[in-house]
Amino acid sequence: MKPTHYDKNRLCPSLVQDSAAKCFFGDRCRFLHDVGLYLETKPSDLGPRCVLFETFGRCPYGVTCRFAGAHLGPEGQNLVQEERVQAPPVRNGLDKALQQQLRKRKVRFERAEQALRQLSKGHVPGPSPEATVPEVSGAEGAPGQDSGDTQPAVPEPGAEALASGSVRTCGPLTDEDIVRLRPCEKRKLDISGKLYLAPLTTCGNLPFRRICKRFGADVTCGEMAVCTNLLQGQTSEWALLRRHPCEDIFGVQLEGAFPDTMTKCAELLNRTIEVDFVDINVGCPIDLVYKKGGGCALMNRAAKFQQIVRGMNQVLDVPLTVKIRTGVQERVNLAHRLLPELRDWGAALVTLHGRSREQRYTRLADWEYIAQCVAAASPMPLFGNGDVLSYEDANRAMQTGVAGVMIARGALLKPWLFTEIKEQRHWDISSSERMAILQDFTRYGLEHWGSDTQGVEKTRRFLLEWLSFLCRYVPVGLLERLPQRINERPPYYLGRDYLETLMASQKAADWIRISEMLLGPVPPNFVFLPKHKANAYK
């Protein structure tokens with residue numbers, strides 16, 4: 001369902017946010033301004049406790065919150081716990097001023113344009129002999145314009161322009177503003193031997209990453225973000241870059257097909273967000289990305305691929321990593337030829353998924369080929385990815401010589417896999433413990449997406465997407481032999497209790513029933529089709 005259909009009568013945002021000013025649209029506003037009428041038609045509360053009110057001391061959704069009874073006063077006013085009020089700790093949000101500048105195309109990309117000019121002439125990008133400071137355009141001190149490359153030019157002391165006050169300044173000029181980092185001075189990415197949670201589209205959202213961090217994931221990465229959407233200031237795309245404080249080693253993954261957009265996007269992120277590395281997606285197999293020249297298609301476009309890697313590496317102050325597959329076609333491996341080139345182009349680390357684009361998940365990951373690629377990539381660290389669902393699988397993967405293991409579907413099936421690998425044991429987790437994990441995900445989801453109707457249903461949607469993977473897990477106590485293989489699909493079975501049987505169901509109706517245990521009844525006419533299955537049908 002579309003979010004606009006969740007509430008028949010939606011309250012005006014000016015009333016929800018307790019704004020002192022009147023509604024900007026006045027009589028032309030399409031939202032409801034009568035709080036009493038809204039409360040008459042509003043669905044009943046889903047519970048007596050509001051996660052946002054308990055965590056941050058104030059719920060920004062006021063009367064529209066589906067747990068509003070926890071923080072509404074006798075006259076309908078929104079209560080505030082002054083001693084507990086704090087700003088949400090999530091970082092890497094999109095500033096409104098920056099968003100307007102991006103939409104109006106007023107953000108300048110000096111470093112990216114210089115690197116692209118050098119690449120177009122066939123030169124390897126590098127710092128210019130004489131560092132120059134270009135002028136700023138746009139509003140004074142506007143977000144996104146405060147990097148070293150966009151400081152205003154500083155005249156000689158006593159110059160007439162300075163005396164007249166006509167030169168705009170954004171603060172003191174430091175060495176960092178005019179002296180660029182040399183490649184050897186860049187921050188190093190030392191994650192060898194650490195457990196790396198893969199960037200998972202749709203399911204690898206911030207609440208899910210918090211769950212995995214709690215179970216022992218060392219490195220996390222945001223979902224794949226399309227560089228053109230970021231450059232246009234799309235709110236939904238920038239939301240993929242958000243970072244929780246528990247994510248101590250965090251990166252973002254970018255997808256694009258052309259050097260200009262990828263390099264400019266890298267410079268933009270370098271100015272505005274806090275990350276430990278930036279990853280290039282050269283492994284996405286879906287047609288929507290591949291046919292535009294992105295994802296796996298870059299493996300066959302060596303010239304563009306080189307320009308993207310070199311250009312992004314030039315404008316970034318953090319390490320640049322790349323995620324690739326074995327190749328595009330099933331029996332034509334390309335990774336062993338690309339890895340030495342990626343090392344020379346400036347990639348700090350490469351992750352190799354042991355399948356080609358054509359294979360998708362019809363074959364097991366080729367770890368023998370990954371072992372061959374380790375030698376080709378040396379001394380650059382190479383991470384391996386594919387079919388890790390137990391600590392035995394992780395141990396066999398490390399024996400190939402890789403620097404570490406990236407875990408993708410295995411984390412979706414059993415997020416406690418990170419604990420199993422670190423403790424070298426099989427965890428026969430009970431259905432009640434698994435339900436507690438889902439309750440934590442629901443709480444994190446309401447914190448992240450909101451506690452109004454739209455936020456509740458968005459949390460439900462991502463919960464259902466995750467349940468479509470969780471149902472494949474078979475409890476350790478029911479297995480005839482250990483461990484479970486990721487490509488094995490068991491027949492219908494009865495669990496040790498009703499909840500375990502319900503969680504093993506492959507039916508979407510049962511997943512919806514589990515979501516109703518956590519988030520209350522679904523809206524009328526609710527239909528759910530898992531995104532990964534919808535793509536398969538297409």
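**View A. Who Glu420 touches.** At a relative accessible area of 1%, Glu420 is buried, where buried means under 20% (1.4 Å probe, protein chains only). Its side chain reaches the backbone nitrogen of Trp427 at 3.0 Å. This is a predicted model: local features need pLDDT of at least 70, side-chain atom pairs count only at pLDDT 80 or more, and totals for chains, interfaces and linings use all residues. Residues are numbered from 1 along each chain as its sequence is written, and side-chain values use heavy atoms, leaving out hydrogens and water.

**View B. The buried face of helix 16.** In helix 16 (residues 391–398), Tyr391, Asp393, Ala394 and Ala397 are the buried ones. Looking down the axis, these fall within an arc of 155 degrees (taken from the directions from the helix axis to the C-beta atoms), so they line one face of the helix. Their cover includes helix 15 (367–377), strand 8 (404–407) and helix 18.

View C. Eight strands make an open sheet, ordered 1-8-7-6-5-4-3-2, with parallel pairing; strands pair if DSSP finds at least two bridges between them. At the edges are strand 1 (195–197) and strand 2 (220–226), each pairing on one side only. Strand 6 (residues 349–356) and strand 7 (residues 382–385) run parallel over four bridges, with Val350 opposite Leu382 in strand 7.

Notes
Buried < 20%, exposed > 50% of the residue type's maximum accessible area, 1.4 Å probe, protein only. Polar contact = N/O pair within 3.5 Å; in protein donor to acceptor, adjacent residues only side chain to side chain. Helix = DSSP H or I, 4+ residues; strand = E, 2+ residues; numbered from the N terminus. Contact = heavy atoms within 4.5 Å.
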